[in-house]
Each structure stands twice: as C-alpha cells, then as structure tokens.
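I opened the model to look up a few things and noted them as I went. The entries follow in the order in which I made them.

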Amino acid sequence: MKTRAAISGDLRRVTGLIESPFKTYLQLSLLLVTESLEPALGAFALKGLLDAFVALNASLVWRAALVFFGVTVFGALIGGTGVSMRVRLVEELARRQREALMRSGVEMPLLQFEKLPRGDLASRLTSDITVSSRVITECYLLARVALRAFAAAAYMLTLNWQVALACALTGPVTLVVSGTISRPINKRSMELQTAIGQVSSEALNTLEGVQAIKSFLAEDSAEKRFLTRASAVRLAAVRMSSVFALNAAWMGTGSLLPFAVTFGYGGYMAVQGRLTIGGILALVSLCNNLGWPLAGMGRSLANVRRSLGAFRRVTEILDLPRDVDPVPADGHPEQHVIESEWDLPPDANLAPVEGAAITERADSLSRAGTTDPSADAIPEPEDAGLSITVRGLSFEYIQGTPVLKDISIEIPAGSLVVLAGKSGCGKSTLIKVLAGLYRPYPGTVFIGDRDLHYEASWARTVTLYLPQEPFLFSGSLRENLQLANAEATEAELRQALSIADALEFVERDEGGLDRKVSERGSSFSGGERQRLSIARTLLKRGAVLLVDEPTSSVDRESEERIWSSLLLAMKGKTCVVATHRLEIAARADLVFVMDGGRIVEYGTHADLHMPGTVYSSLVGETGGVMAG
Amino acid sequence: MSPKPSARNDKDGGDDKDGRKGKIETSDRAREEGARTERSREKRPDSWRDVRDMLSFLGAYWPLYIVCIFLNICANLAYGPGIAYSLAVLTDSITAKEISLVWRAARLLGLMAAAMGALAGISHFLSNWTLEAVALNIRRKVMSRALRANLSYWHIQKTGDTVSLLVNDTETAKQGLSLLHGLVGDIGLIVSCVVTLIAWGPGTALALFVLAALCMFVGARFAEPVGKVSDEYQAETANTTSAATELLSGIAVVKSLKAEPIALGRALRTVDRLYGVARKRGRLLGLQYGATAITQGLSSVGVLIVAAFLSLRGRMTVGQAVGVMQLASLPLNVFGSLGESWATIQQNLAASRRLKVSMEIPVERDAGDALAEGSPDARGALQPDARAALHPDPRMAPRPEVQTGLQQSHAHTALHPEDTDFVLEFDSVTFGYDRERAVLDGACFRIRERQKAALVGPSGGGKTSVLRLIQGFYEPWEGTIKLRGKDVSSIPLKELRSQVGIVPQEPFIFPGTVRENIAMGNEQASLDEIIRAAKLANAHEFIAGLPEGYDTVLDERGGNLSGGQKQRICLARAFLKDAGLLLLDEPTSSVDAESEALIRQSVDEYASRKTVLAVSHTEGVVEGAGVVLSVADGKVTETRRRD
Ligand SMILES: Nc1ncnc2c1ncn2[C@@H]1O[C@H](COP(=O)(O)OP(=O)(O)O)[C@@H](O)[C@H]1O
Ligand SMILES: Nc1ncnc2c1ncn2[C@@H]1O[C@H](COP(=O)(O)OP(=O)(O)O)[C@@H](O)[C@H]1O
Ligand SMILES: [Mg+2]
Ligand SMILES: [Mg+2]
C-alpha cells in the first residue's frame, strides 16, 4: 500500500532526527518488553494472592502479598523510567524539529519564504510540533498495547485455553471495527491543523496592525475576520472529535465484550468446577489487557496517524528547496569573466558623461570631509569597489508578470549610481537582486567577476543592503547592531552610529546602547529606526552599498549629515541608491531611470535634467525635489 | 484527543496496577501535549481561585458542562459499582455452584456494555462540542480585548506571545476543563464506591480512607514542583514562539547582513532552554510516577489484608471480599492519580491564568461598552456609520440606528463649536512614553477649520507622537488637547476617531483584497467610492494594473506591493474615510514626484473642505500650508502663518 510506504518513510525521517537512534531504540525495546510483561506478572501475583486468600491460609497470604508488593515496586520502577524516557524523547524530537524548521526558514530562498504566511509557520512551530514530536511515543504505546494484549492472551491460555480462546476471538472483531472507525482521523486532523495555522496567521496580522485598526475603527471587522477563522477551528475540531466519539462509543461496548465472555463462559466452567475462583478473577483482570487494549488500539492507531499528519506538515516546510548556489555546468563560476568591451544598453537615449560626474562627486566628498571628521577613521575593507554588470535581467515574482524586463546596466567600480523611477517600477526589486536576496534568472548579474546566479550568497557577504523598511529586532540596541558584526568594538559601534547620525539620540537616552528595543523597533520613531538600520548595515564590511530609499523618514538636516558621512565612509566603494531625492541624484556619477521594469534613460543628472525626458518628469516642475 | 475515556476504562480492571498505569499514561500525555506559555511568576497564586477562574470561562455553557459531569458520573457508576456488583454475583454464584446466577451476571454485563457504549460516545461528543464552543469564546474574548487594549500594552507585549495565547493556551485551558469534569466524575465514583464499601463492611472503608489519604499525600507532594516546572516550561515555550516569529519577520534583514548564524543562534538558544526545562520536567514526572505507583501498590495490599482479616472473622462473604478488591482499587487509582492530575491541572491552570490576565488587560477608555456587548455583529450596529464622517454636518449624515445619547450630544458639540473656530488646540501639552523623558514639553498650537497645517521637525522630535495624542492613543501628562473646542479626553474614542483620518508613517496592509484594504473599517463603502478614493491617492492606475484589479489579494504586510504603492493604498483608505480632520504622517516618503504632485492636489482639495495636518520632511505636501508648526525639544512653534 502506498500509505504504508509513506509511513515507513516518515518514520525513517523521524529516526534521523534523534541524536543516537540506536541507543534510543535499544532502550525503548527493553522498556517495551518489560512494560509489556509487567501486567501479566501483576495478574500472576494477584492470582497467587487471591488463591491464598480464598484458601484462608495466613502464611500463604503474607507470602503472596510480598510477591505482589515486589511486582508493584518493579512496575513502579519500570513505569517511572518509561515515563521520563518518553517525555525526554518527545522533547528531543520537538527540539530537533524546531531547530530544523527555523533553520529551513532561514535557508530557503527569500522569494519562496515571502510567500509563506508567517503565522502559519509559527503555528507549525508550536501546535504541529507538539503533536508531531509524539510520533515515536505513539508508536511505542501502540506496540505496548499490542504486546500486552498478546502477553495477556498467552497467559490466559495457560489458565484456561477454552475461555482464553473465546475471549481472544472478540479481539479481532473489536480491532477491525475500531480501525475502520478511526480511519478519517488523518484527514480531519490535517484540516484541524490547517485551520489552527490560519487562526494564528490572522491573529498575527491583525495584532501587528492594531494601531491602524483602531484609527479606522475597524476593531469589529477585524474581530469578525478572526472569528471566522476561529469558528473554522471549532468546526474542524468538532468534526475530528466526532470520530473520536464514535471510537469511544465502540470502546465502551467493545471493552466489555471479553468480560461478558469470561463471566459467562468462565463462570459456567467454574460452576462445573473446572476453574478456581482465583483463576476466574485472574482471567477477569487479564481481560483488561485484552479487551480494552484491543478496542483502544484503533485510537492508538488514530493517534499515530495524527502525529504523522502533523509531522508531514512540518516536513512540508523542511522539504522546500534550500537556497544553495547551483553548480554551473561548465565548472567554476569565476570563469564567467565579463567581456570588457561590452556595451551599455543601446536603448538608452543619452550617453554617459563619466569624467565630469566623477569629479563632481569628488567635490562633494571633500566638502563632506570637512563636516564630519570622525568618519576618517572608518576602516577600509580589503576589496574596495567592485563593478556591477547586469545583462538582460528579467525577474518575476508571479509567473507571467515580469517586474524587471531585460535590464542591462553597467556600474563601474567605485561609482555612485542612482536608480530613479516612479514607485512600483522595480527599483527595490533590482536592488534586492543585486544584494543577492533573489537569485537572478533569466539574465546575468555580475559583481566584480562573479556571477550572482551561482553565487548569490557570496553577494550577500560583499554587499551592504539597506532595506526600504527598517526592521529592528526586540532586545537591546547593542544586540541589534551586533547582528551585523558580532565582534564590533564599542568604538566601531559608536562610529557607525555617528555616520548614521544616530549617535546623538542614542546617547541622549540613559540606556544608551543597552536601551531596550521593543518588537519591530516600535519604541523608536520612524526616522530613528532608519538611522539605526543604517548604522547596523555599516557595521558589516562590504564593497558595495545598496541603498533603498533609506532616509525617507528623516528630516532634511539629518539626511544631509547622513549622506555626507555615508558617502565619505563609502569612498572608493560602489554605491547603488534607489531614491526619489534630487540632491542625491545630483551627486551621482550616473542616474538610471526606470519605468515599468525597464531602464529607459541613463546619464548624469545634468544630462538628464532636460525638458522632455522621463527623468525631468520625475523631478517635477519644482526642481527642488525629485519626489517631495 | 481526550485522555478521559481510557482513564475511565482502566478503572474497570480487577488489576488495580494496570488501571493506574493507563491513567497515568493518559494524563502524562495530556501534559506532554498541552501547549504551554506562561511567564513564570515569583508568587504562585491560590489554586482554588484559579480553578474558579478557569470555570468562569464556561460562560453560558455551564449547563452543558454540568450535563457532561452527570454523564461522566453515570458512566463511572456503571464501571465502578456495576462491575464490582456483577463480579460479586458471579463469585458467589460460583461458590454456590448456581448456573442461573452466572448467566445473570453475564447478562448484566452485556446490558451494561451496550449502555456504556452509548453513554461514552454521547458524553465524548457532547464534552468536545461544549469545550470547543468554550474555546471559541475564549479566543474571541482574548482577541476582542487585545484589539481594544491601550497602545502602551504593546510596548511590552509581543504579538507572538498573544498569538500563542490564542492558539496554544486556549487549547491547554480547554484540556484543563475536560480534565476537571473527568475529576469531578471521579469524585462521584469514589463516593459510590465508599458507600458500597461501608454497606459491606466499615472496616475496609476506614482502611481505604487512611491509605487513600496516604496516596494523595504522596501525589500532592509532587504537585508543587511539577507545577513550578510547568510554569517554567510555558514561559520558555512562549519565548521560543516569540523568537521564532521575530526571526521569521526579519529574515530579509538577517540574510542581507549575513547574520544567519547569530540570529538563528539566538532563536535556537530559546529552543535549547526549553529543552533543558523539558528534561527537568521529564525526570520529575518519572519520579512522581514511581512514587505514586509504589504507594498505590502498598495501599491495595493493605486494603486486601483488612478485607482478608474481616472475612476470616466471618464478617464478610468471600464474594464481598473480592468485590472489595475491585472497589478499593478504583478510589485508590483516583486518589493516587489525583496528585498527578493536579500537577497536570497546574499546567492547564497556568494557561488559564495567562488567558485570564489577557482578558483583564487595561482597555481604552470606552472600549468597555463594546466588550460588554455580545457578538461583534450585534455591535456592528453600534459603530457609527463611517459615512457619517463624510458629511461635516452630522444631521445630514445617515444616522446609525442605535445611537446612544452620549454620542448625540457630542455630535451636537461638533456642529456648534463653542466660541471657537479652532479645529484642534494643543494647550501646553506635556507627554512622554516613559516617566524619565518627556517627548513633548508644554506644546501649544492651534489649527483652524479648513486649514492645511504642516508639522515639521527633526526625526524623533515627536511629530508622530502629536498625531497619536490627537487620536487618543495616549493621554497627555499635562495640558489639554481640544478637538473643536471639546477636550479630547472627554470625547468617546469611537467618535473621536471617526472624526479623524490618518495615513500612518508605516503603511498597514492586511492580507485581503485591495478593496477590503481600502474600505477597512467601512464595510458599507461601494466600489465607486473606493475607486474615487483610490484616484485621489493616485493609486487607481497601479491597482488597475494588478492581476485582478481591486480584487487582487495582498500578502501579509503588503509583501507584494512596493513601498510607494502601500502608502498610496493607505492614502486612499484615509480619503475614503473623509473625516473632518486628516492627519498625514509622512504620507509620500516613498512616492515619486509625479504621484506626489497628484496627491498634493488631492490633499489641497481636501483641505479646502476639511482640515489637514501633515507631517513631512519634504516641501511637497507641506507646500502651501497655512501654518507650519515645527516640533523641536518638546516645544511647538508656529513658523509661518498665511491666512
Ligand atoms: N513579493 C512580491 N510579489 C509580487 N509582486 C511584487 C512583490 N514585490 C513587489 N512586487 C511588485 O513589483 C513591482 C515593483 O516593486 P518594487 O521593486 O518594490 O518597486 P519600487 O521599489 O520601484 O517602488 C510592483 O508593481 C509591486 O507590486
Ligand atoms: N513606543 C515608544 N516607547 C518609547 N519611546 C518612544 C516610543 N515611540 C516613540 N518614542 C520616542 O519618542 C520620541 C518621539 O518619537 P516620534 O513622535 O515618533 O518622532 P517623529 O517626530 O520622528 O515622528 C523619539 O525619541 C522616540 O524614540
Ligand atoms: Mg521600493
Ligand atoms: Mg514619525
């Protein structure tokens, strides 16, 4: 059967998660054997006790009581060990799965990750894992029930084979019915877990926007949306519990069947004198190990199925492809050397005027140098400046709707380049591709002489990427900054902060670098968050700075300070800046104008700032600002 | 899954040891499975009060819960005295060698089997049905509360934590309720057993009492440490959830910083800590199991010896003595596992405590009425029609059917501003987020009707804080804020916010269609109105270009939109609301000049009808402002005035 193969495959995977599977399984099987024998031993001791009791022999009673007590202690020891071992196993599996899940979240391609709802992931991390980590334990319990039933049946056979056989016959009936009843569990539990994932997603998204929801008096509608999801959970849970209820009903009846047989048939035989009272009582006690377990086996099976279902939801994520650099067909990626004579896009309607631009920038740099002397101390990374070459790059988030269309640009090493264009034209997307966050395809992107299609993760080491929306983690400021460079010294931290014009407000607060950051950095103003994000990025060493509208929430003066010191710090490095700000474009060596995913114009600000160009329409008639 | 049925079944055994084992197995599972999140506290509160609190979650469902308990007791009666009685009949019939009695015992058992089946099925379903309804109710309450909490609540609380409350703690509390009705059923069982025992021979009953007390004592000794470790366990689970949620939210940053090892390491440390606590818990549970098992074995033997002694003296028939064996094992099981169930319940109680706390978090000033109402549908009618805000004159607006007198009086005030034509007045307002540092320090300014005011200043100066104060998210420490001459703190928040529109600094997009996003909080808006608003925000063009236009589903946090597109959707949302006072918090920071020029036109047009207060660093929106207010060092100064 197909499902059986799938189950054994899943079990192998679970085994792979255990640290020392051999030892664990050995311990488990030892426990299993002793735990399965233990009820039979108990029944044996009880029989001795009762027989002594019925025989009214005091010394026999005492001896039997001693045996009984010994068995009890043995059972307690084994049982206690079993409990703590199973709990440990469950927790070990939970831990491994949590680790694997978090890791695969970090390691999967960003593009894919962004399509997964975070709340659903979070619920897989909690709700599903608590169920799925019980896989082995549930299997163990199933096996134990089966073995106990088996041992009980064997012992019963030695007591009285006729009664035992009659009892045993009820077993298969009970089992088959129970198994059939619990078959839908698999699907139902999957439904339930999915519904729980949706609830947690909905909750996360709603709570994150609580302020906007309040502003728009949307509490009620948000609550209604949440309620719809929560009701779905309820429905799924009730549907699942109806299966369990049917099972419980059958167990209620089925568990008493062996009793009825023992009472009837065994009683008849006892009256005939072919069975002692002690014997019949021992049979009755053994019925517990036969009737009930057999009926409950269906439920155990259901639990195994349920945990396997949850495990599959976990592996669903684990199985998503990792973001590993593909190995090029023709050997090392370094062999992809750019042809130096490669031309700039022919569709550009203006030629670059490089010399002029570079001098211009040098001017602005020297001016900046006088305003912020502290920036001089920024250590120069080894590889200063890398050129960037993009050829025929297209990119789409959703198949069929390309966001970047056949982009070809060349950015000389050490230059400052501005990407301009209406919002939604693809600037951020291009920057993310350059930052190695999205793997370029089709088309090629080279940083230096390396092809990003094959070395996107290398690109992330040499580029400093400043996202459009700053994201701070909760914890302390220091922890946030050290994310970029764990070994950064106090002086380096302060320097980065000062370049980002953040030192002043950080020092103003008593906490300083140890000031607590609340979730998403909400305890800072928008501009403060941006500046902290800049400082953090600067702590990372790199040769290419990719900036996505980093100062949109910062006031004019602060912005000016940031850019002055930033450009100084980035001296000799390649900078690509997506921005609407005119001042920055004016300083740039080259401006690429994007529209609808294509590069439509390029050149220096002076070249482009002429009537009739797309660029001038971006700049607007005010001339003062490019985008307000 | 419910641990209960198996626990109940296990009691039917003549073999007490095995019965106990089944029980422990299941409660042990419940504990392992229960999801747990709890910040550990220094003081562990009174358990009985917690139980009461947990029961209070039942709300209107308590009669059903009582029925569940009743069914449980019925089932226990059959399983306990029922089987024992049959067994006694059987044994005596065997000693008497009377075959008809044997058949009677078997028939009795058969009947009981059928009854049991029906009873077990019904009670299982009913209990699950009830508890799921209760869980839904809990989720609704927690969410409802969280949505209406003071904004400062979210300064310390993490969203991941509340999500885990809604998902995991609710589940755990539900399990607690189920365990509790099982326990109450057990008490019914014990009482019935004890009554039978007393009828048969008070001596054994007495012995049972003494030994049961011993069992309970041993069990209870573990309740405290297990409960404590459970608390710890839950706190760590909560930490793990929060850490994971955060890691997942910031993954792009982590990747670009090449900080995967550090960030992942931080998150994994929480996992490791959780594992450490879990192992401690496992050891404790094992110890507890062993200790109770030994005590219970001892107790069974003790009762047996007393019974043997009594029947030797001829005070009891042998059948009765055997029945005592069966009977005594049941309460002993229950008592022995009571301590343990108690330990399980500790965890459920911890979850329910957490839920209780989250249901009592301070809410905004008049949110209490909304919470007191029943379902949100019922409340929907109370919500002032957002279109009411479209009209400056409230009498012209379609009035909502249900209207409190309070709201009417305020609407009245808004209509006839008392001897002032200022829409907004800040009168020496002092405010800060924490006591140490005031963000605003005696800020004063005024804005007239149909004026466009600009709020400028260094970042971190307090501009966003001013806008938050206007919307009543925080109360000023000192001074007053007046909206149309009326102190903001005395206007019901609902009304206040219906008069104020905002484009927040960080655009908020929820997963849903573009249309739903623009119409947020205004479900009655027609598509035409939505399109009109989108056009004003210069968003129509790009929305029309989306795969499914206004019905395109947006991702979490607007992941499939560019920054400027998100901002424009938020602008459209505010234009649709068309409130009397529009607050713009850097509304065009990610928007290109062309869009911005168009947006500025819309804002100017808006300002000709209503009042606008715009925060911006760039001249675009600020251009042509009647007043420019600059915020710096906690003060607000009017730098330009053109009337
Ligand atoms: N994750 C995504 N999934 C689908 N579409 C996206 C996604 N991110 C951006 N887009 C779309 O791609 C286009 C370009 O976006 P973006 O690069 O962010 O623009 P810009 O930064 O120039 O404003 C927009 O139309 C946007 O809707
Ligand atoms: N939730 C918060 N908790 C503590 N401090 C805050 C919080 N929000 C803002 N602040 C602080 O208050 C000051 C003003 O912030 P804000 O009003 O957002 O400034 P902006 O003028 O840039 O909008 C900043 O210094 C910021 O660090
Ligand atoms: Mg962008
Ligand atoms: Mg702000």
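Entry one, the interface. I counted 29 residue pairs in polar contact between chain A and chain B, both residues at pLDDT 80 or more. A polar contact here is a pair of N or O atoms within 3.5 Å; within protein, one must be able to donate a hydrogen and the other to accept it, and residues adjacent in sequence count only if both atoms are side-chain atoms. Helix α3 (residues 58–107) of chain A gives the largest share of the side of chain A that touches chain B, 27 residues. I sorted that side of chain A into 79 nonpolar, 53 polar and 46 charged residues. Ala, Val, Leu, Ile, Met, Phe, Trp, Tyr, Cys and Pro count as nonpolar, Asp, Glu, Lys and Arg as charged, and the others, Gly among them, as polar.

I noted that this is a predicted model, in which local features need pLDDT of at least 70, side-chain atom pairs count only at pLDDT 80 or more, and totals for chains, interfaces and linings use all residues. Residues are numbered from 1 along each chain as its sequence is written, chains are lettered from A and ligands numbered from 1 in the order in which they are written, and side-chain values use heavy atoms, with hydrogens and water left out.

The rule finds 14 salt bridges across the interface of chain A and chain B, each a side-chain nitrogen of Lys or Arg within 4 Å of a carboxyl oxygen of Asp or Glu. I looked up the one between Glu91(A) and Arg281(B), where the closest N and O atoms are 3.9 Å apart.

Entry two, the magnesium ion. Which protein atoms are donors of ligand 3? I found Ser428(A) (OG) and Gln468(A) (OE1), 1.9 to 2.4 Å from the ion. Donors are N, O and S atoms within 2.8 Å of the metal (3.2 Å for Na, K and Ca); water is not among the atoms, so sites may look incomplete. Gln468(A) is buried at 13% relative accessibility (buried is under 20% relative accessible area, exposed over 50%, partly exposed in between; 1.4 Å probe, protein chains only).

Leaving aside neighbours within four places in sequence, I list Leu472(A), Phe473(A), Val517(A) and Arg536(A) as its contacts (heavy atoms within 4.5 Å). A polar atom of the Asn480(A) side chain lies 2.7 Å from the backbone oxygen of Phe473(A).

Methods
Helix = DSSP H or I, 4+ residues; strand = E, 2+ residues; numbered from the N terminus.
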